[in-house]
Amino acid sequence: MSKANRSDKRAQDYVVNKLLCVFTLAFLLILGLMNVSRMMSRADSYVSAFTAMPYITAAFAVLTVLCIIWAIVAKAKGVDTSFRLITGKHFAFVFGFCTLCAALLSFSFNKGMLTFLYVLIPAVAVLYIIFYSYPRDFFVIAMVSCLGAIAVWVLAVLKTNGLYPVLFYVCNTLASIALIAAIILTAIAQVSSGKLFGVNFFDSKALYALLYVTYALVLAAVNVAAAFGTAVLYFAAFGLVGYLVVVGICYTVRQI
């Protein structure tokens, strides 16, 4: 086997191992959520779990910072981390995501947030697969659709509950700004032959029209959820998910 072939095989094995690690971590996080759910269901353990959650969040945050320092030191020393799974950068992402999940439970310790995390964790794992297996334009479509469905969920609940009006307006504004920024960046890449900030982001076969359709649908779904709350939650959120499935099938057939 030539040196180039060995390098290609090593790169392929590295990607496969990363995907396996992501699914394993997602499975472990789901198991952790199931344990939290059991503790929520019992009066004697509910208070203990609720009290411990901020400390768990802080612990994950500290681990994230330490891993970032680890990554910075390794880069400063010129350590080659190519094809390595155990690196400061990888662990920083893992603990950072764990921090996010724990922080959300600390903010809203209830079954609704657990359900949200049950959806969020597999969604992130699937997005990771799409990033390595499909063209970059489909990854953007998938990411925007998933984030749009999450924004619809959050805005619909906040609108109906009416408990956090400031947070509702902040989330709505941020969602709109993010979509407008995505449209502008996509337009810049389109006129620059797929390049964004000097980097080849989209290939020559990117479906820009489908990207703009996705942005329009997500923007419409977000605004509908912000206006009508949970009355349209399932129509808007699952509509985006259904749209993503259809687009995914089209891209899969396109790659065959």
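Among contacts in the protein chain between residues at least 6 apart in sequence, what percentage join residues at least 24 apart? The share is 73%, a value that, like every other one below, is computed from a predicted model. The protein chain holds 8 helices and 2 strands, and 35% of its 256 residues count as buried.

**Overall layout**

- Read from the N terminus, the elements of the protein chain follow the order α-α-α-α-α-α-β-β-α-α.
- Along its principal axes, the C-alpha trace of the protein chain spans about 65 × 40 × 35 Å.
- The accessible surface of the protein chain amounts to about 15,100 Å², and carbon and sulfur atoms account for 73% of that surface.

**Helix α3**

- The buried residues of α3 are Gly88, His90, Ala92, Phe95, Phe97, Cys98, Thr99, Cys101, Ala102 and Leu105.
- One of these buried residues, Phe95, also belongs to an aromatic cluster that it forms together with Phe60, Trp70 and Phe91.

**Helix α8**

- Helix α8 runs over residues 233–255, and at 1.5 Å a residue its 23 residues should span 33 Å, in agreement with the 33 Å that separate its end C-alpha atoms.
- Buried positions in α8 are Leu233, Ala236, Ala237, Leu240, Tyr243, Leu244, Val247, Gly248 and Tyr251.
- The buried residues of α8 pack against α7 and against α5, which comprises residues 136–161.

**Aromatic rings and a charge over a ring**

- A pair of aromatic rings is described by the distance of the centres and the angle of the planes.
- The count for this structure comes to 15 aromatic pairs.
- In the pair Tyr212 and Tyr215, the ring centres lie 6.3 Å apart and the planes stand at 75°, so the pair is edge-to-face, given that planes over 60 degrees apart are counted in that way.
- Both tyrosines sit in helix α7 (residues 208–228), where Tyr212 and Tyr215 are separated by about one helical turn because they are 3 residues apart.
- Tyr212 has 26% relative accessibility and therefore counts as partly exposed, whereas Tyr215, at 2% relative accessibility, counts as buried, the cut-off for buried being under 20%.
- Elsewhere, Arg136 lies over the face of Phe201, at 5.3 Å from the ring centre.

Conventions. Residues numbered from 1 in each chain as written. Predicted model: local features only at pLDDT ≥ 70, side-chain atom pairs only at ≥ 80, totals over all residues. Heavy atoms only, no water. Phe/Tyr/Trp six-rings, centres within 6.5 Å; stacked < 30°, edge-to-face > 60°. Helix = DSSP H or I, 4+ residues; strand = E, 2+ residues; numbered from the N terminus. Buried < 20%, exposed > 50% of the residue type's maximum accessible area, 1.4 Å probe, protein only. Lys NZ or Arg CZ within 6 Å of the ring centre and 35° of its normal. Contact = heavy atoms within 4.5 Å. Areas by Shrake-Rupley, 256 points an atom, 1.4 Å probe, with all protein chains shown as cover. Expected span 1.5 Å × (residues − 1).
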